[in-house]
Amino acid sequence: MTVFARRARASAGRMHPELSLVSYTLLGHLEEAGGCRATDLAEHYALDKSTVSRQVAALERAGLIERRMDPEDHRVQVLHPTRAGTEILAQVTRSRQVAFRERLTGWSEQDLTRFASYLQRYNATATATATEKPEAGPPSD
């Protein structure tokens, strides 16, 4: 899993010099959600608001996201990917698809089916864990 995470970080950086894995993740979320507030990003990913603020600032400087006024509440700014941000996401997706095809070439149908079921199981567990409410009190070490 560590190697997988390192590859993901490196892949994001190759696509754009200011695109860290966190930035890429936030940009992807903005695209999937059709935009959202920075506070929503912080809450969704359980990140400190200052961390999200730094990432958002970097994405804005890079021209990958923009702020738009919320049509329902003009006091609120909603973050959206720019055309350049959307293009970067599409480029990363294409690059990943090529890499997956290359790495999985030669795998039997049975191996691919088994691998897919393990990934689905892993993702289902991760999703279930993320939606559970944490217990009150400080985290234990």
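**Notebook: helix packing and core**

I note here that the model is predicted.

I looked up the geometry of this pair next. Helix 3 covers residues 38–45 and helix 4 covers residues 49–61. I read an angle of about 125 degrees between them, with the axes 9 Å apart. Angles of 65 to 115 degrees count as roughly perpendicular and those over 145 as roughly antiparallel, so helix 3 is oblique to helix 4.

Then I listed the contact. From helix 3, A38, T39, L41 and A42 take part, and they meet K49, V52 and V56 of helix 4. I sorted the residues of this contact into five nonpolar, one polar and one charged.

I turned to a second pair. Helix 2 and helix 5 pack with their axes 10 Å apart, at an angle of about 110 degrees. That angle makes helix 2 roughly perpendicular to helix 5. On the helix 2 side I noted Y24, L27, G28 and E31; on the helix 5 side, G85, T86, L89, V92, T93 and R96. This contact of helix 2 with helix 5 divides into four nonpolar, four polar and two charged residues.

Last, I checked the largest nonpolar core, which has 18 residues. Which of them touch the most other members? I found L19, L41, L64 and I65. Two or more residues of this core come from each of helix 2 (21–33), helix 3, helix 4 and helix 5 (83–104). Helix 2 gives the largest share, four residues.

Methods:
Residues are numbered from 1 along each chain as its sequence is written. This is a predicted model: local features need pLDDT of at least 70, side-chain atom pairs count only at pLDDT 80 or more; totals for chains, interfaces and linings use all residues. Side-chain values use heavy atoms; hydrogens and water are left out. Axes are lines fitted to C-alpha atoms, for helices over the stretch in contact, and angles run from 0 to 180 degrees between N-to-C directions. Angles under 35 degrees count as roughly parallel, over 145 as roughly antiparallel, 65 to 115 as roughly perpendicular and the rest as oblique. Contact means heavy atoms within 4.5 Å. Ala, Val, Leu, Ile, Met, Phe, Trp, Tyr, Cys and Pro count as nonpolar, Asp, Glu, Lys and Arg as charged, and the others, Gly among them, as polar. A nonpolar core is a set of buried Ala, Val, Leu, Ile, Met, Phe, Trp, Tyr and Cys residues joined through side-chain atoms within 4.5 Å. Buried means under 20% relative accessible area, exposed over 50%, partly exposed in between (1.4 Å probe, protein chains only).
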